[in-house]
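Visitor: I have a new model on my screen and would like to learn how to read it. Could you walk me through it?

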Amino acid sequence: MYPIMAFFIFLAVGCSVSNAADALQLDFRTDPPAGLIKPNVDTAKLSVRLEDAAGRTVAAPTRFSIELDSPPRNAFFSTGFPIVEGTPLLRGELNSESGNLELQYLFPIRGIYRLKVVAESSLGRSAHEWNLKIHEEPRAVRRFFGLISLLSIFGVVSGICLAHSVRRRAAGPVSASVIAALGLFAGLSSNTAAGEEHAHSHAADIKTSDSAVVESSSGRMQIRLSPPSATVGNLATLSGWFEPNVRQGGPIEFTLSFVNLDHDREVFQTRVMAPDGTFQLRYQFTDGASHRVAVSARPAGDTNAPLDAAMNVTVHAIQPPAPIVARTLLFLVGVTASAMLLGFVGALKFSKA
Amino acid sequence: MQPVFRQARKHVLLTAKLNLSTCSRGIVLLAIVGVVLYSVLFSTTPAIHDFFHELRHSLMIIPCH
């Protein structure tokens, strides 16, 4: 009798645990909403929550496996960072004291990002994949159409000048073309205010390293980047450990922050718990500029000031592939040629009429 | 702006006596447009690239690094 009862009890408990695990679900939100995030401008807050069936955040420590991939390459139009397209951006096993994980992230380009999260806690496991659509910054769209308008007007005017020279059989339009082309150069140059000049030249003054070790009365910490200098398009591994002077047995709380030094803009930030006092994160630096990597650590629950370690890392830029450059240049020249043909034919027809 | 116009005047003097067909003129013009666009939007020469870097990133389709 007892073995049969034990069997049914075991079955009931097993089913309830299984149901609880199945009921766990992942919730993902961004602030601002994905549709309002401006790529390469706004750092967005991403939060992933492991919830139970009632929609409450799981209180137990949770391990999040995160995979973030950039949008695939467009067949024709490139983005500002073509090397980044279709590459992994983030890989990490991040621990949290509860079922809530928050990241600050600067999305580098427009397009549809793939985010895959697997969350595991003592209550169960849940996995989900999201497609996150980030629209182009409205100002960039306006400027793009401004450039197309500028080239179209330039083409039409050049076409009219060419038609005018056919009627008069004069040699003027070549001179006019040169003047107009120089005018176009001057016009584009004036669009770049001196204040917006790129700061890559300043990056040469920044001292970079691939590791940092700090020590204080609270403990000792080391952070390290592998490979020693990052490259756009590839993941770099940031790892580190913290050894407190007084072992309390609890997890270590790490706060990671990456700042693009060219733009003085935070591109990534998160807070993770490390039960064994170590962390590892694989991250792609998407801009070929020096970055400041800052990590602070302290035992979880400790109210004392954390121990801070920081290093400036070199990020090698990769120039855009020649086919992409050629395609974009051909498109822009093609727009000018079409407008020129339109102006030429229109002017001839108008003069005949 | 002065050097641009001075340069333009020099080119006017050079090309004033050229006698090209309409098609050739069109091709010359498009070649010049191509060179100008390449210099401003795609050149990797640090002095030019750094000056136009922000402009490139604000034009939506211009590849940079």
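Guide: Gladly. This is a predicted model, where local features need pLDDT of at least 70, side-chain atom pairs count only at pLDDT 80 or more, and totals for chains, interfaces and linings use all residues. Residues are numbered from 1 along each chain as its sequence is written, chains are lettered from A and ligands numbered from 1 in the order in which they are written, and side-chain values use heavy atoms, leaving out hydrogens and water.

Visitor: How many helices and strands does chain A have?

Guide: Helices (H or I, at least four residues) and strands (E, at least two) are DSSP runs, numbered from the N terminus. Chain A has 5 helices and 17 strands.

Visitor: And what share of chain A is buried?

Guide: Buried means under 20% relative accessible area, exposed over 50%, and partly exposed in between (1.4 Å probe, protein chains only). Of the 353 residues in chain A, 45% are buried.

Visitor: Where does A:Thr87 lie, and what does A:Thr87 touch?

Guide: A:Thr87 sits in the loop between β3 (62–69) and β4 (88–96) of chain A, and is buried, at 12% relative accessible area. A contact means heavy atoms within 4.5 Å. Not counting residues up to four places away in sequence, A:Thr87 touches A:Asp69, A:Ser70, A:Gly233 and A:Gln284.

Visitor: How confident is the predictor in chain B?

Guide: pLDDT is the predictor's confidence in each residue, from 0 to 100. Chain B averages 84, and 95% of the residues score at least 70. Within chain B, confidence is lowest in helix α1 (residues 2–15), at a mean of 75, and highest in helix α2 (residues 22–41), at 90.
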